[in-house]
Amino acid sequence: MKHKAVAASAVLLLAPLTACGGSARASDGSTVTVTVGYQSKTINTVTAGTLLRSLGSFEKQLNSLGDGKTYKVDWQDYATGAPITAQMTAGKIDIGSMGDFPLLINAARGKQLGKPTHLVSVTGYNLRGGLNTIVTAPDSKLASLADLKGRKVSTSIGSAADGTLVRALQRAGIDPYKGIEKLNQQPAVGASALSAGSTDALSQFVAWPGLLAYQGKAKALYDGAQLNLPTFHGVTAREDFAKERPAVLEAFLKAQAEATDYLDEHPVAAAEKVAEATGLPAEVVYLYNGAHGISTFDPAIKPQLVSALKQDVSVLKSAKLTGDVDVDAFVDDHYVKKALGADYAKRLATAPPASAGEVWPKGSSETRAFKTPAELLAYVAEHKSGIRAAYVPDATTGTLWFADKALWVSDGKELLPFVTPATAQAYVGEHAGARVVPYAAALKQAS
C-alpha cells in the first residue's frame, strides 16, 4: 500500500493539467499575460506570492517596463508545489514558488518532459530546518520519534515536510518506508485526520504545525531544526519563458525584493496583510514571518541552500520520486543578480537575525522584544489581559514557538522554553535539579 501511495504521487506530479489558464502570451500583440503559481497558505513564500500580490509590486514593475505592451498577471493559488510543477511542464505557468524538495521534482520533471525550469531566487528559509514540524494530537501519549514506530503518520509525499520526516526517522533508527504507515495526504486532509484520530502524527510544512498548535488541535513532537539542515522555498521559472521574456522575470525579481524589504521593515503590517488574504490568524503568520520568526526572507541564492538542495536529492531518489538531479544546472542566479545589481552581494552576505522572544500587545502595530525568556514571562504575567501573542525561541534550536504552547524547564533561577518534550527532557537529563514545569508555574516564577 505504501508503494502504491508513492507511485500515485509520482503520477500526479507527472500528469499535465488542463483546467487552468495559459502561460505568458501576447493575446493581441500588445497584451501579455504572465501566469504565476503560488501557495497562499505556505506563508514563507509570501514575498513571491501572497504579500507580493497584495502589494501590487509585480504589476507596478511590469507597467514601468515601457515596452509598449500591456501586462496582465494571472495569479493561481495551490495547496502544494506538485500541481504548480504539473502546470509548468504543461507550459501553463511561467513562474512558480515551492519548497526545496518540490523544487527538485520540478527540475527533474522539467528535464524529463523537455520543459526545463530553473531556480531563480529564494523566498523564506531556515538554516537549521525549523520550517517543518511533526505534530501529534493534544492528548497524545507519544513523546518522541521512537514512539512513531508502527504508527500512522500523515504527510505530503515529495514535500519538504516529507523529507524532514524521512531524515528524522532515519536518525531515530526507524525505516521511513517500512517502520511506519505513511499516509500521503494534502495538508488540510492530514490536519483533519489528526483531529479525527485516524492518524497518529502529522508531518507538515509552514504554516500548518503552528496553526494547529495555536488552535489547540496539536502539539509539537519533533522540531525540524533538530536536523540542523537548511530548508527553504524558492522561485522557479520555465527556461523558455525566461529566455523569451527576461525583462518580465527581472521585473518579478525586483518586485520580490521590494516585498521582502516591506516584510522586513513592517513585519506586523505584513503579517496582517497575509492574514487578511489567507484567512490564517495573524498571530500564526507572525510566528513564521515576524522580525525573529522561524523563516528568514531573502531572494539571494545562498551557497548553503544550494548545498542542502544537493543533499536532498538522495532522499527523493530513495523514495523513487526522482533519479539524479543536476542541481548546478538547475540553479540560475544571473537573473536575480541582474535585477538587484550591487544590492545582491549585500543580500547574499546577510544572516538571519539573532533569536529573541517577542510579545505582541493587543491593539499594537509593533511587538516588543526581550533578551531572556524570564523577562518575557515577567512582562506577560503583568499584562495577561493585554497580550495578543507571545513567542519564545527554543533553548537548543532557536525555533520560535508560542510561549503558552512551549515546554518550560525551570533550572534554578533560569526558565528555558522548548518546542518538544524530547528536547526538554534531554536538557533535564543533563542538568541536575532542572525540571519541566507548567506554563502557569513558569509565569509565577518569573513574576
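Thr-133 is buried, with a relative accessible area of 4% (buried means under 20%, exposed over 50%, partly exposed in between, using a 1.4 Å probe and protein chains only). This residue sits in strand 6, residues 132–136 (strands are DSSP E runs of at least two residues and helices are H or I runs of at least four, numbered from the N terminus). Leaving aside residues up to four places away in sequence, Thr-133 touches Leu-202, Ser-203, Gln-204, Pro-209, Ala-220 and Tyr-222 (contact means heavy atoms within 4.5 Å).

The model is predicted: local features need pLDDT of at least 70 and side-chain atom pairs pLDDT 80 or more, while totals for chains, interfaces and linings use all residues. Residues are numbered from 1 along each chain as its sequence is written, and side-chain values use heavy atoms, without hydrogens and water.

The whole structure holds 15 salt bridges (a side-chain nitrogen of Lys or Arg within 4 Å of a carboxyl oxygen of Asp or Glu). One of them joins the side chains of Asp-312 and Arg-167 at 2.8 Å, N to O. Asp-312 belongs to helix 13 (residues 303–318) and Arg-167 to helix 6 (residues 160–171), so the pair ties together parts 145 residues apart in sequence. Asp-312 is buried at 2% relative accessibility, and Arg-167 is buried at 12%.

Another salt bridge links the side chains of Lys-310 and Asp-328 at 3.0 Å, N to O. Lys-310 is in helix 13 and Asp-328 in helix 14 (residues 327–330), 18 residues apart. Here Lys-310 is partly exposed at 41%, whereas Asp-328 is exposed at 52%.
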